[in-house]
Amino acid sequence: MEQPGREACVEFGRMLRELWERAEAASGKTGFKARVAATGTDVHEQTIRNWHGGRTAPRRTHTDDVRQLVISLRQAAGESGGFDEAWARALEAAQQEAEGRRGASAQRRETALFMRRLGAEKYLEKPLDGRATELRAVDAFLGSNDASPLYLWFQGPPLAGKSALLGRVAQHVRATKKFDVVGYFVSEAGGRDRDTDFTSAMARQLAHLLSVNGEKAPATTGTVPPAGLQKLYRLAARSSARRGRRLVVVVDGLHEDAAWRGGVPEDLRPRASIASLLPDATCGVPHGPRRQYGKRAIRVIVTSRPAAAPPADVPAEHPLRGEDSVLRMSLSPYLAQDGEHDPADGLDRLRGSEPGRTVLGLLAVAGAGLGASDLAELTAAGPVEIEGLLQRAWGHGLVPDGTGSGAFVLADEELRHAVWEESGQALRTECSRRLHAWAESWHTGERSGPLPRYLLSHYPHQLCEGERLERVVLDPHRQLRMVAAGRLDEALAQLDLLPQAEDGDLGVAARAALSRSALTGRARPVPIRFPALFARAGDANRARELALSAPGEAAKAVRLAKVALALTGTEAGEAAREAAVWAARATAAVGPVAESDPLLEELAGMGHTFLARGRAEAGHAILRAVVPCEAVGWTGRVKAARALGPERADRLAGVARYAASLAEGGFAEKAEALEIWTQLGRYDPAFRDVVEAFCAELTPASDLTHVDLVALGVTALSWGRRRDKGRTLIGEAEQALRRAFTDPGVLSPADRAHLDLELSTTLVRVVQALYNVDRPAGAQKLLDAVPVELWGGGGLWGSEKKKNPT
């Protein structure tokens, strides 16, 4: 029986439990502990049991673990989609519900969103003790005069706690009324280690800050150039100074930058370092109209491992090169509390012997998955000696990998890079040779028994493309061992390491497709790429047969279309025509009321591709079938109608008549009519006149559903001369919504129900419309006006206050 106030938690548990059952049914294996280990998360088994049973909701610090868990289970169940919107909504609802029970405030949720934008969410609740010296240095730095250094650069060894410190600083500084904070946490593991990602993330934050301050950011298209980013820094710093605040930029982990760290191939190395994109000297002192603002110049706090100088592409005059900006950090107090003050102290015990040095080299090369017995075999040392070495280094740079398998890893990627670099090329080559020989001995049957976990899960990822990777991943005996070990999802994922058909050997791609088909079981349909693979190999008949084995008309049409695009000559034309026939059948099977179907949306795209490839007959046939299909959105349907050449005028006129008939109906029909007119108005301004006339007759003050309709209509009026009219209309809708907030007693029963049940959707539409007509400040004020009881009640059960809708 559900407990009051725990519905979202119970619902998330039910979803997780049912997915778990599907994964076990597909794999044929049961066992909670083994399945948890297969997901590769670092969360304790009992914690996942509590989620599974609906007893507790995952904390936000476990969000990434939940995502990994769901993706792994869906792969094991043979499902696509990953951690999709439905799972994200269910998790967010459960977390908000749990935070409500714990008394979590809206302020904390806002802080969590802020840390997520920085890529630092896992440091939201990170404890920080014993850092009084560093925190005093930060306070002094942020309160310094404008002429003082712009930069504070914390440098420390692995495990010094640099990220935890900067995470705490970012939260503390943001919470004051004196500073505006933007930032970025560089992470190799998180894929946030390149100049392009840094630039786009920082530009978004700076532009948002300008809009919150009521100022317009300069228009940018595509990638922001370095000079454009520096301009944004200057504008944001001046904007903050005018408001009596100081802009603070925090960037953690410069040493993880792919342009600066070692081990990145030259052809994959970014052209610019992240350090070179940090604020330069021109961002220093924001001048007011008559004088300097004083103590308002931008301040930048960065962290990295110890470095003699910034990356080479940082200009000589850049303030980051100032020697008085560097502050050294020692080991984190948490790792030093037993008297050891350096992870190297523990690793030195390994470096002191030949087997120990080899163990370090193997761990640096392998990365993860090697246990004591594996290392004993690889070093030819006795198990007792290896166990002793590992135990002495445990907790001092060497830690268990968290899977319960007995494997050890170097404490973090920083330390692994350091050990990698110091081990030298000769030792790394020897360690790689030993790993390959060890794997080969299992492959040939020289060794017997359960295959070591490293060879099951990690070894293929260490291999480059080539014969060895193909032999390992496509080995049927190894695949059977992985299935027996409950690692079917990993066996399938490892097939993606092989080159695709268009990039490599068709024979390898075919064997990979056969392996995938065998692994997914007899009940699974033919892999989606298989038909086109046979088409590229020249077997058009077999390709057609495989495409037609797909379940459902839409899947058949899509796969036949892909076969047609892979073929040439008359065979391509025949496949294209057959795809068009199946497309007509698929759209004809859709009823008058239907949810959006991704396959049919993809089919619409295939129609346009056929036109671009000169297959006009098939392309027009597919698009003709798409126009009336309710399972395709109006964006796709209007675009399809416009591509029909001589039929275009009649088709668009038919769509317009349909919209006019919808406008005579109820709220949902009117909303759909506005959606259609908006899409038509993108190509024909006359339909913007229709929207303007329709919205002018609405009365938001007497009917809250009209607020939604006006907001939808304003999207079509947000261009050119109609923007002023759009501002007027959305202003009236905004006022109606504000009156409903301040005096709900005068609302009709219908409006009260709308406020309770649909407020989340209404707010999204109105805020988006305000942004569309360049009124971001009005959007923020509207969100601030929402009564507290509506944030916690049914009206906004799935929303987060102050989230930027753009």
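**Helices: packing and a kink**

Of the 806 residues of the protein chain, 48% count as buried, meaning under 20% relative accessible area, with exposed over 50% and partly exposed in between (1.4 Å probe, protein chains only). This is a predicted model, in which local features need pLDDT of at least 70 and side-chain atom pairs count only at pLDDT 80 or more, while totals for chains, interfaces and linings use all residues. Residues are numbered from 1 along each chain as its sequence is written, and side-chain values use heavy atoms, with hydrogens and water left out.

The protein chain holds 36 helices and eight strands, which are DSSP runs numbered from the N terminus (helices H or I, at least four residues; strands E, at least two).

Let's begin with H9 (residues 195–212) and H10 (residues 226–242), whose axes lie 10 Å apart at an angle of about 30°. Axes here are lines fitted to C-alpha atoms, for helices over the stretch in contact, with angles from 0 to 180 degrees between N-to-C directions. H9 is therefore roughly parallel to H10, given that angles under 35 degrees count as roughly parallel, over 145 as roughly antiparallel, 65 to 115 as roughly perpendicular and the rest as oblique. Residues making the contact (heavy atoms within 4.5 Å) include Phe-198, Met-202 and Leu-206 of H9 and Leu-232, Tyr-233 and Ala-236 of H10. Their crossing is left-handed: the near helix is turned anticlockwise from the far one by less than a right angle, clockwise being right-handed.

A second pair to visit is H24 (residues 553–566) and H25 (residues 569–588), with axes that come within 8 Å and cross at roughly 160°. H24 is thus roughly antiparallel to H25, and this crossing is left-handed. Among the residues that meet are Ala-557, Leu-560 and Ala-564 in H24 and Ala-575, Ala-579 and Trp-582 in H25.

For a bend, turn to H34 (residues 749–772), which has a kink of about 80° centred on Glu-758; the bend at a residue is the angle between axes fitted to the seven residues ending there and the seven starting there. Buried residues in H34 include His-754, Leu-759, Leu-763 and Tyr-771. After H34 comes Asp-774, with a positive phi near 60°.

Where pLDDT is low, the predicted coordinates should not be read in detail.
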